[in-house]
Amino acid sequence: MKASTTDDLYPLLLNLVYKNIQKNSYGATSSDKHPVFFGCCDWHSSVHSHWTLVRISRLNPSLPLVKEIIERFKVYFTSENLEKELSTYHYLAEQQSPYGYSWLLALVANIYKWDIEESKDFLNAFSTFESFLKKHFVSTFKAMEKPARYGMHENTAFALILLYHYGKTVGDEEFTKAITDFAIKFFYKDESFEEDDNIYGCYITSSLCVLHIMSLIMEKEEFIEWVNKRNWKPVLALTPVTGDLHSLGLNNSGLNFSRCWSLNHLAQFFPADESAFKQLAKKHYEASLTYVASGDWSTDCWLPTFALMAELSFHEVFL
């Protein structure tokens, strides 16, 4: 992924992003309707590509690239542009909730921790969208009777992890409490953590994400007591997935990275099996490294995010 991803134009895959809109009435390029989040195959990939650029900038503030990133963001991250992004909610919500919108709040949290003078202006620009999405998630999860467990955009547990980190980072106790309550509502009664065999095209392992979010919302000893009453052993039987060089197959490289991320996080809660968790995380990480820059247009814009998350997890940094 490169900084210019933030302003590259591309032929929109409208059938994947919007419903009931004719291409010729929408515009030939993504920036017509999205002055901030374009340049990738889909809207959510653009959002977390921006997250990746901010995260890299925070990790390596002396990189020459960082100055370019900040200058680009000064052009894009304006109240006017982000209000225009919000205006597409009625088209995007079905496709981007919870995945894309939870990544947007993760991006806000990342900017919140970015120690540059421009970050305050960036946060102010996001504030309306940010407030709207918090209300959206509370109402959405309140209305849901059961969580979505399939390992793609709709996955509830993965979104809750991002949203919990957001709430804790920005110090929003009310929102964090709401996310905690939703995690308990959806997952507290789970008894076993065996994974669905149908994982082609998936990039999230629901069982790991459930354990991950429950470990965040509980005190450590409480979580250990809870999990040891359940059949968690199947997670140590997971094996790295080898994809193909097509977009859905390459999604499985993201699956390996997200598993690595959660396995490294969970290792701390299983002292007797800590080494097994970490070794399994490493196997998953190494299985996908060669695919990070595959040359596949629809994948190169998002897979580096998952690779970075996995890399940071080896240093006990999880977002």
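Modeller: A word before we start: Ala, Val, Leu, Ile, Met, Phe, Trp, Tyr, Cys and Pro count as nonpolar, Asp, Glu, Lys and Arg as charged, and the others, Gly among them, as polar. Please also keep in mind that this is a predicted model.

Biologist: Thanks! How do the residues that line the second largest pocket divide into nonpolar, polar and charged?

Modeller: This pocket holds about 280 Å³ of space. Its lining is made of 18 residues, and Lys 113, His 165, Thr 169, Phe 318 and Leu 319 are the closest to the centre. Sorted by kind, the lining has two charged, six polar and ten nonpolar residues.

Biologist: Which element gives the most to the lining of the second largest pocket?

Modeller: Two or more lining residues come from each of helix H3 (43-59), helix H7 (99-112), helix H9 (156-170) and H11. With five residues, the one that gives the most is H9.

Biologist: Let me step back to the whole protein chain. How many helices and how many strands are there?

Modeller: The chain has 319 residues, and 58% of them count as buried. Its accessible surface is about 14200 Å², with 51% belonging to carbon and sulfur atoms. As for the elements, the count is zero strands and 16 helices.

Biologist: Among contacts between residues at least 6 apart in sequence, what percentage join residues at least 24 apart?

Modeller: A contact here means heavy atoms within 4.5 Å. Taking the contacts between residues at least 6 apart, the share that joins residues at least 24 apart is 77%.

Biologist: Now for single residues. Is Ser 57 buried or exposed?

Modeller: Ser 57 sits in helix H3, and beyond its sequence neighbours up to four places away it touches Val 66, Ile 69 and Trp 114. The cut-off for buried is under 20% relative accessible area. Because Ser 57 has 1% relative accessibility, it counts as buried.

Biologist: Where does Glu 316 lie, and is it buried or exposed?

Modeller: Glu 316 is in the segment after helix H16 (303-313). Its phi is near 60°, a positive value in a residue other than glycine. Exposed means over 50% relative accessible area, so at 62% Glu 316 counts as exposed.

Biologist: What is the peptide bond from Ser 97 to Pro 98?

Modeller: Pro 98 is part of the loop between helix H6 (89-96) and H7. The omega of the bond from Ser 97 to Pro 98 is near 10°, and the bond is cis.

Biologist: Last one: what separates the C-alpha atoms of Lys 283 and Cys 260?

Modeller: Lys 283 has its place in helix H14 (residues 274-288), and it is exposed, with a relative accessible area of 51%. Along the chain, Lys 283 and Cys 260 are 23 residues apart. The separation of their C-alpha atoms is 8.2 Å.

Methods:
Residues are numbered from 1 along each chain as its sequence is written. This is a predicted model: local features need pLDDT of at least 70, side-chain atom pairs count only at pLDDT 80 or more; totals for chains, interfaces and linings use all residues. Side-chain values use heavy atoms; hydrogens and water are left out. On a 1 Å grid over the protein atoms alone, a cavity is a set of points where a 1.4 Å probe fits but cannot get out, and a pocket is an open set with protein on both sides within 12 Å along at least five of seven lines; lining residues have an atom within 4 Å of a point. Grid points are joined across faces, edges and corners, and a volume is the space filled by probe spheres set on the points. Helices (H or I, at least four residues) and strands (E, at least two) are DSSP runs, numbered from the N terminus. Buried means under 20% relative accessible area, exposed over 50%, partly exposed in between (1.4 Å probe, protein chains only). Accessible areas come from the Shrake-Rupley method with a 1.4 Å probe; for residues, only the protein chains shown count as cover.
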